[in-house]
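Please read them beside the sequence and the structure.

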Amino acid sequence: MLIAGLVFASAVFGVLLYGKLTGQEWFRDTEMVAYAEHSQVSAAEETAVAPPDPANGSTRAAEAAAAKEPPKKAMLEAPLIYQKPELPSGCELTSLAMLLQYYGVKKSKMELVPEMKKDTTPIRYNKDGSIAYWGNPNTGFVGEITGSAKGFGIYHTALIDLLQKYVSSAVDLTREPFSKLERQVSEGFPVVAWTTIDYKVPEKWVTWDTDLGPIRTTFMEHAVLLVGYDEQYVYVNDPLTGKRKIEKSQFIATWEAMGKQALSYTEAAK
């Protein structure tokens, strides 16, 4: 048994060493996923079996639940700015301008235009008229934001740099649960959230190639400033149509369809 154990340990060490030397650490992704799942389970197990607090009779589980669950409703009064007529494709930048003005940074949407990252890759079409090659919204605004030529938009990965320029406590909430966005609003911080123009999950998607590889998206892509919610609705400053009340489940579905993209900030720099 001792010999077999030594052989097994030697084999495992050999695989790990090979991976380290070659960079082919096949276990890395699995390890990261397992670690994330382990962390979540451990936290749940810890709160589930925690003994009552002798001081007030509460449990860690109750405290953890209270900390995670946002209040039932919240509403903020943030500036409403329209993207048109100057920026017909500028919903994301206009929503960011609303966020910045609420924070206290007096920058207009037009002042932000030259500061925004842009992917200037020219558009190329296939013979059937579909887009073959264009920019990537993860690196900068794709197309022309002013409407002087075909425009598309910009995603959180490229827009957060502009937010960080003015707000050092900027946070990227992309892929966080929607309850996290609600928590932000309840604590006094609006959220730029990606959705769709009609607040419906798109039926029509397009794919084109970029310098970073193919991207699948929709021209129904839109961004708004999330300023409130209750148990049934969310409330947004829509740079295209004004103040809106949308069925919460409907909004969440479109937000998820657009990759759960969201930007905000924390209290640290206020």
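1. Of the 61 residues in the largest nonpolar core, Leu93 and Phe251 touch the most other members. The largest share of this core, eight residues, comes from helix H4. A nonpolar core here is a set of buried Ala, Val, Leu, Ile, Met, Phe, Trp, Tyr and Cys residues joined through side-chain atoms within 4.5 Å. Buried means under 20% relative accessible area, exposed over 50% and partly exposed in between, with a 1.4 Å probe and protein chains only.

2. On the source: this is a predicted model, in which local features need pLDDT of at least 70 and side-chain atom pairs count only at pLDDT 80 or more, while totals for chains, interfaces and linings use all residues. Residues are numbered from 1 along each chain as its sequence is written, and side-chain values use heavy atoms, leaving out hydrogens and water.

3. Helix H4 covers residues 91-103. Helices (H or I, at least four residues) and strands (E, at least two) are DSSP runs, numbered from the N terminus. Gly104, with a positive phi near 120 degrees, follows H4.

4. Lys107 is in the loop between H4 and helix H5 (109-112). Lys107 counts as buried because its relative accessibility is 17%. Leaving aside residues up to four places away in sequence, Lys107 touches Ala97, Gln101, Leu112, Glu115 and Tyr166, where contact means heavy atoms within 4.5 Å.

5. Phe251 touches Phe178 and Ile246, among others, not counting residues up to four places away in sequence. Phe178 is buried at 8% relative accessibility, and Trp255 is buried at 1%.

6. There are 11 aromatic pairs. Rings of Phe, Tyr and Trp (its six-membered ring) pair if their centres lie within 6.5 Å; planes under 30 degrees apart count as stacked, over 60 as edge-to-face and the rest as tilted. The Phe178 and Trp255 rings, with centres 5.3 Å apart and planes at 65 degrees, are therefore edge-to-face. Phe178 lies in helix H7 (residues 178-186) and Trp255 in helix H8 (residues 248-257), so this pair ties together parts 77 residues apart in sequence.

Technical notes. The expected span of a helix is 1.5 Å times one less than its number of residues.
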